[in-house]
Amino acid sequence: MAATSHPLFGSTALRALEHAAQSALPPHTLMPRAAQAACLLILQRWRGRPVTILCGPGNNGGDGLVLARLLNQASVPVRIWALNVDKRPADAERAWRDLPRGLLQSGDPKGDAKGAVIVDALFGIGLHRDLDADTRRWLAWANEQEGAVRVALDIPTGLDADTGEAREGTFMADVTLTFLRDKPGLHTRSGQDHAGEVVVDMLGTDAVTAALPSDDQSIGTGNLIRRADCKTLFVSRKHDTHKGSFGTLAVLGGGHGMTGAALLASRAALHLGAGKVFVGLAEANPALSCDLLQPELMLRPAASLLGKKDAGIGVWVVGCGLGTDQGAADWLAATLHAARETPTVVDADALILMAANPKRVPARKAAWVLTPHPREAAQLLGCDTAAIQANRVAQARRLAAKYSAWVVLKGAGTVVSSPDGRWSVNGSGNAGLATAGTGDVLAGMIGALLAQGLDMDDAVRGGVWLHGAAAQDLSARGIGPIGLTAGEVIAAARDLRNRPENGVT
Ligand SMILES: NC(=O)C1=CN([C@@H]2O[C@H](COP(=O)(O)OP(=O)(O)OC[C@H]3O[C@@H](n4cnc5c(N)ncnc54)[C@H](O)[C@@H]3O)[C@@H](O)[C@H]2O)[C@@H](O)CC1
Ligand SMILES: [K+]
């Protein structure tokens with residue numbers, strides 16, 4: 001995969017970079033640059049609107065104080081409320097001294113802010129405790145103002161920059177202008193709901209590098225997955241090709257009453273370009289011998305598929321609707337045995353079974369991908385779902401290391417980790433994907449990309465991005481997010497892959 005142009009920095013890495021930038025630049029350079037970037041954004045997008053700025057005790061508050069002065073110089077009507085504070089850090093103290101006193105309001109924020117721009121400069125990456133009562137009251141006021149545009153400086157107050165955990169009352173931004181580098185917490189878990197559109201300003205530190213922490217405790221740096229990172233999805237096909245050129249994939253799943261899950265994964269694989277798709281049904285006496293709506297799929301009883309040594313299967317996808325009873329556990333063990341030298345995607349029930357029967361997971365010679373949602377990840381790591389959600393990036397990396405696997409931790413802001421701990425957060429997707437069957441579709445899509453010869457990086461990250469982009473594309477056409485179906489995601493993903501110049505970025 002091509003080097004991405006959109007890094008995400010964990011907070012320890014960000015502090016290291018901040019330190020390096022401060023050493024490389026004259027004193028007191030960064031805060032004026034941050035305020036200047038905010039001033040420009042406001043003037044470009046919302047010129048003519050009054051601005052209300054809420055300032056906290058640290059340097060995030062300092063950004064807001066400098067911004068107030070700049071907007072005042074540009075003749076924008078500004079009102080500013082600042083939390084009481086005993087001592088400010090040096091940069092913020094300078095900003096406080098330079099603030100035109102007439103802008104400062106007393107008491108709590110009040111008045112009608114309809115049509116105004118409300119700027120959250122209360123807390124940035126230095127927030128480390130619960131919000132105090134004053135801050136909560138001010139945030140509640142800001143979040144209640146109908147018709148106002150809400151802009152967060154660096155990060156919405158209350159949101160955790162690493163994990164995307166939102167404290168109660170967290171600022172609800174329409175736009176977040178984030179400084180130095182983008183942060184994973186703006187894109188995963190509750191991040192997207194609170195950050196709105198994320199605009200990154202590197203404050204002129206593009207060339208600054210820092211020795212970044214490499215310990216296990218910190219997440220270091222990763223990437224946001226965007227279309228630009230998925231170029232291999234869009235490589236056009238040569239004329240001189242045949243079905244054998246695009247791989248043979250087998251899905252093993254579809255236990256009693258769950259045939260649909262296996263069919264969704266298989267149809268997704270077919271529509272994403274796999275040359276041939278077998279469906280091994282785990283149900284004892286499968287009612288279907290053919291998918292009449294997709295007769296291109298080759299349906300087989302699981303035993304016959306697993307016994308077929310000459311099928312030329314190049315990728316396995318296992319788990320979709322497999323079930324979790326003893327029979328399913330036996331099918332999984334047999335499939336993992338057959339697939340140990342073949343790239344494999346393990347999804348859904350297969351993950352639950354792996355967690356319950358670790359001794360039945362054979363050593364692998366080929367790479368594999370685990371695609372858990374948070375509850376499945378929790379079972380694999382022997383913790384609860386809350387612990388997974390509390391730090392999705394760190395837990396995805398833990399899981400990847402434990403199983404020497406690629407991991408796709410699903411949910412808002414899907415996290416991808418490679419076995420060696422390189423991580424990304426998906427930049428596409430929406431709540432339309434929160435419906436049954438979309439996970440099966442994702443597993444089939446990733447399998448299809450592997451079958452077509454994309455390397456692991458490209459297939460996993462590309463599949464995740466395309467899946468989310470398909471949901472966005474559908475929603476843009478009025479198909480969802482409410483009521484979007486997994487089957488519709490398949491068609492939209494095929495469509496996007498065949499018209500790379502259009503659609504989601
Ligand atoms: N240092 C730099 O190089 C730059 C910093 N910038 C801004 O500075 C921010 C970071 O500044 P700070 O490190 O001062 O952090 P913050 O401004 O986020 O706040 C830290 C202050 O709040 C206090 N605090 C933390 N949690 C609290 C809570 N729950 N209730 C009450 N008080 C609490 C801390 O003790 C500290 O005094 C960034 O987010 C960014 O907005 C920008 O000016 C760009 C450059
Ligand atoms: K803020």
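This is a predicted model: local features need pLDDT of at least 70, side-chain atom pairs count only at pLDDT 80 or more; totals for chains, interfaces and linings use all residues.
Reader: What makes L203 buried or exposed?

Author: L203 has 21 other C-beta atoms within 10 Å, and since a residue is called buried when that number is 20 or more, L203 is therefore buried.

Reader: Where does H28 lie, and what makes H28 buried or exposed?

Author: H28 lies in the loop between α1 and α2, and H28 also has a positive phi, of about 60°, although it is not a glycine. Its count is 12 other C-beta atoms within 10 Å, and because 12 or fewer is the limit for an exposed residue, H28 is classed as exposed.

Reader: How do you know whether L353 is buried or exposed, and which residues does L353 touch?

Author: L353, which is found in helix α10 (residues 349-356), has 27 other C-beta atoms within 10 Å, and with the cut-off for burial at 20 or more L353 is therefore buried. Not counting residues up to four places away in sequence, L353 touches T324, A328, A329 and L332. L353 and G319 are 34 residues apart in sequence, with their C-alpha atoms 9.1 Å apart in space.

Reader: How do you know whether the span of α14 agrees with expectation, and how many residues of α14 are buried?

Author: At 1.5 Å a residue, the 14 residues of α14 should span 20 Å, and because the end C-alpha atoms are 20 Å apart, the two values agree. In α14, 14 of the 14 residues are buried, so α14 is also largely enclosed by the rest of the structure. Just after α14, G453 takes a positive phi of about 95°.

Reader: Which residues touch the most other members of the largest nonpolar core?

Author: The largest nonpolar core has 163 residues, and within it A265, A269 and V317 touch the most other members. This core draws at least three residues from each of domain 1 (7-225) and domain 2 (244-498). Leaving aside its neighbours within four places in sequence, A265 is in contact with V251, G253, V317, C320, D440, V441, A443 and G444.

Reader: What does each domain supply to the contact between domain 1 and domain 2?

Author: The C-alpha centres of domain 1 and domain 2 lie 39 Å apart, and the contact takes 16 residues from domain 1 and 17 residues from domain 2. On the side of domain 1 that touches domain 2, α6 (191-195) and β8 (221-225) each supply at least two residues, with the largest share, four residues, coming from β8. By class, that side of domain 1 has five nonpolar, eight polar and three charged residues.

Reader: Which helix gives the most to the shell around ligand 1, and which residues are the closest to ligand 1?

Author: The shell around ligand 1 takes four residues from α3, which gives the most, while α1 (11-24), α2 (30-46) and α3 (59-73) each supply at least two. In total 26 residues surround ligand 1, the closest being G58, N59, N60, G124 and G126. The shell divides into 11 nonpolar, nine polar and six charged residues.

Reader: What kind of peptide bond joins G480 and P481, cis or trans?

Author: The bond that joins G480 and P481 is cis, with omega about 15°, and P481 lies in the loop between α15 (456-476) and α16. Most peptide bonds are trans.

How values were computed:
Residues are numbered from 1 along each chain as its sequence is written. Chains are lettered from A and ligands numbered from 1 in the order in which they are written. A residue is near a molecule or strand if its C-beta atom, placed from the backbone, lies within 6 Å of it. Ala, Val, Leu, Ile, Met, Phe, Trp, Tyr, Cys and Pro count as nonpolar, Asp, Glu, Lys and Arg as charged, and the others, Gly among them, as polar. Domain bounds come from an automatic or database domain assignment. Two residues are in contact if their C-beta atoms, placed from the backbone, lie within 7 Å. A nonpolar core is a set of buried Ala, Val, Leu, Ile, Met, Phe, Trp, Tyr and Cys residues joined through C-beta atoms within 7 Å. The expected span of a helix is 1.5 Å times one less than its number of residues.
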